[in-house]
Amino acid sequence: MYVSDCLTLNEKGHLAIGGCDTVDIASAFGTPAYVYDENEIIANCRAFSKSVERCYGGNGMVLYASKAFCCKEICRICGREGLGLDVVSGGELFTALSAGFDPRRIYFHGNNKTHAELCQALENGVGRIVVDNIFELRHLSELAARYVKTAEILLRIKPGIDAHTHDFIKTGQIDSKFGFALETGEAMQAVKTALQLENISLAGVHCHIGSQIFDIDPFELAARVMLDFIAAAKAETGFEIRELNLGGGFGIQYLKSDRPTPFEDYMEKVSEVIKSYSGQLGVKTPFVLIEPGRAIVGAAGITLYTVGAVKEIPDVRTYVSVDGGMGDNPRYVLYQSRYEVVCANKAAEKRDFTATVAGKCCESGDLIQEWTHIQPVEPGDILAVLSTGAYNYSMASNYNRICRPPVIMVKDGQPRVVVKRETFEQLTQNDI
Ligand SMILES: *Cc1c(COP(=O)(O)O)cnc(C)c1O
């Protein structure tokens, strides 16, 4: 009925998440609030791990891309589920380590890691550093020497693949700030340099072709391109690259009309390509990593708001204003992302009211969704925006000095706070 299995209509006619009434959650914890179903997150973790286990016979690993939603509790959940973690900043790394995450299962990404971040990664013994560029490679080699350590690295490669998604989230093509280009020979040169540098151990290569991808083809193509590169590197240097990290980007359901590919299908097809094609090329089947972010948490989360003013502009449109906005969900403003919106306390009623859901920020563009179909609403109703589990809390800002909402985790019908609501004191704590 809804875009995620964890959402249901309960006997009161309210929207429920993980068996918990969202209207009760709103009254207990206030709005706006992010709410996640922990069992849904766990089920997603297990589905990925199981299919990697099955398709690669243990010769693979799932890393949760923590940028999708990062806080200590999600790190603990992923740790318990045996996943590794992909972090892209000192802050994400710090969060993971504070949650007790095993540093050896952490992969550190980023196109411009700072000196301090590289030191932090080396000091804490992160498993792999995914090197983005030649400057970073040399810098890391010098730093690792100073720490008397060997940095195990992957090289980020731009495989040059157009993944048919929104331009802003297309990262595999040559015109991208991420990684080494294949076509220009830059990537091969990076392999040679990495093999020569002191205190650097080249473990593998990485690519990430984009986000919210529904087709399997671009992933298959990426796998082939990367294997071709591994074979070419072996031919040129005699060194065989052992790890292949294929990144994330698995699409999820935002709208009822979205038809994401079941990742089982993706895993089957891509693993077949990897196994057979590496055989053809005469290289060993690499250890395969995948990095789902959105697909682990996106559909497991929703945002609850309270409706304030309902402003009907005759012959134009009706604005329904909520007590949050672009501060807690900047994705409509950034990418015109689509979402389903449901009136949580009238969830059983027909969605025959066309509205533009607006935030409370001083920006005309501060909209959550335009021309969306919801139940007829009035001030005081609770609105739920669905599938906001990824890139909402993690992208939230304090624009207009609005406090960031809390994160509520529901487990077996019981809600608990895992990130507290920000306070005005916290907003001003760094002000002199
Ligand atoms: C963003 C990102 C991911 C996760 O992408 P999703 O679309 O959320 O699955 C994985 N790996 C890298 C390197 C990324 O930049």
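Which residue forms a salt bridge with Glu38, the closest N and O atoms being 2.9 Å apart? In this structure the partner is Arg416, where a salt bridge is a side-chain nitrogen of Lys or Arg within 4 Å of a carboxyl oxygen of Asp or Glu.

Before I go on, a word on the basis of all this. What we have is a predicted model, in which local features need pLDDT of at least 70 and side-chain atom pairs count only at pLDDT 80 or more, while totals for chains, interfaces and linings use all residues. Residues are numbered from 1 along each chain as its sequence is written, and side-chain values use heavy atoms, with hydrogens and water left out.

Now the domains. The assignment, whose bounds come from an automatic or database domain assignment, gives domain 1 as 7-30 + 300-428 and domain 2 as 38-297. Their C-alpha centres lie 33 Å apart, and the contact between them (heavy atoms within 4.5 Å) takes 24 residues from domain 1 and 23 residues from domain 2. The buried area, meaning the accessible area (1.4 Å probe) that two parts lose on being put together, summed over both, is about 2,100 Å², with carbon and sulfur atoms giving 57% of it.

Across that interface the rule finds two salt bridges, and twelve residue pairs are in polar contact, both residues being at pLDDT 80 or more. A polar contact here is a pair of N or O atoms within 3.5 Å; within protein, one must be able to donate a hydrogen and the other to accept it, and residues adjacent in sequence count only if both atoms are side-chain atoms. On the side of domain 1 that touches domain 2, α11 (331-335), β20 (407-411) and β21 (414-419) each supply at least two residues, and β20 gives the largest share, four residues.

Let me return to Glu38, which also forms a salt bridge with Arg80, the closest N and O atoms being 3.4 Å apart. Glu38 lies in helix α2 (residues 38-56) and Arg80 in helix α3 (residues 72-80), so this pair ties together parts that are 42 residues apart in sequence; helices (H or I, at least four residues) and strands (E, at least two) are DSSP runs, numbered from the N terminus.

Finally, the ligand. A polar side-chain atom of Lys67 lies 2.6 Å from a ligand oxygen atom, whereas for Arg294 it is a polar backbone atom that is 2.8 Å from an oxygen atom of the ligand.
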